[in-house]
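Please look over the model shown here with the aromatic side chains displayed.

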Amino acid sequence: MTRAGLTQGRVASVALVVGGISAIGWTLWQRSGRLIPAPPLLGAVLFALLVVFVLVLAWPVRNHLQGRARRVLDPLRAARALVFAQAAALTGAALTGWYAAQLALAVAERDLTVYREAIWRFAALTVGAMLLAGAGLLAQSWCRVEPPDDSAEDRSRRGSNS
């Protein structure tokens, strides 16, 4: 039986595909005589805030599933936490590819002063996006409800009732 939800492989695939497409796009951009613009550092701060938000949102679901919750958990809230976690994982993966492509091209052209100064920003944003993808996968795992054990006795009862 396969597990539902996003896997690390799918998230990595999104990062690789977006990274490849971005590298092609940014290479064409550079060949037209333009430079890759330096990204704002505010993006790294936003990634940090999103990482905290997705983990805080999924924490009550984790506590409920482990039997440590003090209050009843609204199923809609749990579903929203799961969807937000998956969205964070996919967004983090896509942005990892986006910023990693820019980082790779800036490193390749590091003899240009503009890129030399921007490399650390691209690196910070790449790491921040990776952390967002990882936080999304972790939060998704916290929201996972294991299916009930389908024992042989249950299967035989259903077979005789059909």
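1. Basis. This is a predicted model, in which local features need pLDDT of at least 70, side-chain atom pairs count only at pLDDT 80 or more, and totals for chains, interfaces and linings use all residues. Residues are numbered from 1 along each chain as its sequence is written, and side-chain values use heavy atoms, with hydrogens and water left out.

2. Aromatic pairs. The structure holds five aromatic pairs. Rings of Phe, Tyr and Trp (its six-membered ring) pair if their centres lie within 6.5 Å; planes under 30 degrees apart count as stacked, over 60 as edge-to-face and the rest as tilted. One of the pairs is F53 with F84: the centres are 5.2 Å apart and the planes stand at 90°, so this pair is edge-to-face. F53 belongs to helix 2 (residues 42–65) and F84 to helix 3 (residues 75–108), so the pair ties together parts 31 residues apart in sequence. Helices here are DSSP runs (H or I, at least four residues), numbered from the N terminus.

3. Accessibility of that pair. F53 is partly exposed at 43% relative accessible area, and F84 is partly exposed at 27%. Buried means under 20%, exposed over 50% and partly exposed in between (1.4 Å probe, protein chains only).

4. W59 and W142. These rings have centres 5.1 Å apart and planes at 75°, so they too are edge-to-face. W59 lies in helix 2 and W142 in helix 4 (residues 113–142), so parts 83 residues apart in sequence are tied together. W59 is partly exposed, at 39%, whereas W142 counts as buried, at 17%.

5. Charges and a cluster. The charged end of R62 sits over the ring of W142, 5.3 Å from its centre. The criterion is NZ of Lys or CZ of Arg within 6 Å of the ring centre and within 35 degrees of the ring normal. Elsewhere, W26, W29 and W98 form one aromatic cluster, and R34 lies over the face of W29, at 4.0 Å from the ring centre.

6. Helix 2 against helix 4. How do they pack? The angle is about 10° and the axes are 9 Å apart, which makes the two helices roughly parallel (angles under 35 degrees count as such). Axes are lines fitted to C-alpha atoms over the stretch in contact, with angles running from 0 to 180 degrees between N-to-C directions. The contact (heavy atoms within 4.5 Å) includes W59 and R62 of helix 2 and W142 of helix 4.

Notes
Angles under 35 degrees count as roughly parallel, over 145 as roughly antiparallel, 65 to 115 as roughly perpendicular and the rest as oblique.
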